[in-house]
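Open the structure in your viewer and keep the selection tool ready. This tour goes stop by stop.

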Amino acid sequence: MEEEPLVIFMSGEDDSEKAEERKKSEELRSLWKKAIHQQILLLRMEKENQKLEEASRDELQSRKVKLDYEEVGVCQKEVLITWDKKLLNCRAKIRCDMEDIHVSLKEGVPKSRRGEIWQFLALQYRLRHRLPNKQQPPDVSYKELLKQLTAQQHAILVDLGRTFPTHPYFSAQLGAGQLSLFNLLKAYSLLDQEVGYCQGISFVAGVLLLHMSEEQAFEMLKFLMYDQGFRKQYRPDMMSLQIQMYQLSRLLHDYHRDLYNHLEENEISPSLYAAPWFLTLFASQFPLGFVARVFDIIFLQGTEVIFKVALSLLSSQETLIMECENFESIVEFLKTTLPDMNTSEMEKIITQVFEMDISKQLHAYEVEYHVLQDELQESSYACEESEPVEKLERANSQLKRQNMDLLEKLQIAHAKIQTLESNLENLLTRETKMKSLIRTLEQEKMAYQKTVDQIRKLLPADALANCEPLLRDLNCNPNNKAKTGNKP
């Protein structure tokens, strides 16, 4: 009985020690669990980071491969800063001054930001111009289109290997570049059922893919085709392309008559050499750096850029083309020698394109084309009525002469209008300057009048009486200030 309290006390101590040990073991167990869990998380994070780094490296490598071309013109740091500011407006969808954009574009476009700048230019165009509802493309997403099948699949697959065959991004058979190109062409052929797929579109799509993602390239292809109207030249009837060839021929006729005559004598029409330029936007034959600069201006000015570039190219090599003496040598020169330009020549062409304005002429030539087509239809109706062939030929030759006379008169009238417009601008400028000068003289007169009034207040009465004739002269004849000021 005497030992019981001690035993009870000792047993109580043992229980508390066991409880503490249990707590410690549980704490250690939880710490181990946390440590293991954190280690697993760290390992997962390391794996994810490795994946991200690999993806980043792959993306950088892909971007490097895509932009593997020599730029035309050097883009200065100041221009880079200017474009960065403008691209902020793109995200905010704010209208920018078009003259300012024109100046920046002329100074250059950084290759690394070219895709973003094209999207910015497309946005600026859409903020100012809205397509009528009838001309809008169908509202179907890119992902939905990719799920569908196209009847143009075989034609697209055949052309994949022919599109930029030497560029590393597209050269690998069914590689990343060709797959992206196939997806983009398939999606557009499903979107635009009327056009479907046409050979030249693959080069346009390829240039876009080199500067942006698939979905972005799809949006920009829709912009070029629908908003800027390039889809007209890919329609099955090719009517728009025929009009364009006529317009180019007329430009040569009016601005480079000797070259035009030389090509006509050798029976070389624009469709022989210029059709690929229009259908591929120069991408099938010319260096990518030059093509990228052409696209820069197309996104700003639209379809007339193709005419400007074509005219500048032909005029820059006019002397060498005139030296070619027959059909074969001229065609060979236009297809192989002409595209093989050095960087300085390409820069000159781009500068000329920025400074050229032929929109009025192109519109006039389009009207002429339709008039000629109507006359041809009328003459065909006359043939059906069994009129003598000789009479028709004479009438046809007379009509041609009349057409040429009318065309020359129209050109003279255009020139007169331009002269009158420039004279009117000069007169308005002079009028503004004269108004400004009159306001300045009136202000000076008022200032002199105030000075005279102050002098009258300050002079004594007798001195003022002596000076009164002089002051009257000043008030009456302000043009003689200098003469009266010279009197003693």
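Buried means under 20% relative accessible area, exposed over 50%, and partly exposed in between (1.4 Å probe, protein chains only). Helices are DSSP runs of H or I, at least four residues, numbered from the N terminus. The model is predicted: local features need pLDDT of at least 70, side-chain atom pairs count only at pLDDT 80 or more, and totals for chains, interfaces and linings use all residues. Residues are numbered from 1 along each chain as its sequence is written, and side-chain values use heavy atoms, leaving out hydrogens and water.

Select helix H9, residues 201–209. Nine of its nine residues are buried. Among them are Ile201, Phe203, Gly206 and Leu209.

Next, select H15 (residues 288–301) and H19 (residues 343–355). Their axes, lines fitted to C-alpha atoms over the stretch in contact, are 11 Å apart at an angle of about 10°. H15 is therefore roughly parallel to H19 (angles under 35 degrees count as such). Show Phe290, Arg293, Val294 and Ile297 of H15, then Met346, Ile349, Ile350, Val353 and Phe354 of H19: these make the contact (heavy atoms within 4.5 Å).

Stay on Phe290. Beyond its neighbours within four places in sequence, Phe290 also touches Val72, Val309, Leu313 and Met341, among others.

Last, go to Glu304 in helix H16, residues 304–316. Is Glu304 buried or exposed? Glu304 counts as buried, because its relative accessibility is 17%. Leaving aside neighbours within four places in sequence, its contacts are Asp357, Ile358, Ser359 and Leu362.

How values were computed: Axes are lines fitted to C-alpha atoms, for helices over the stretch in contact, and angles run from 0 to 180 degrees between N-to-C directions. Helices (H or I, at least four residues) and strands (E, at least two) are DSSP runs, numbered from the N terminus. Angles under 35 degrees count as roughly parallel, over 145 as roughly antiparallel, 65 to 115 as roughly perpendicular and the rest as oblique.
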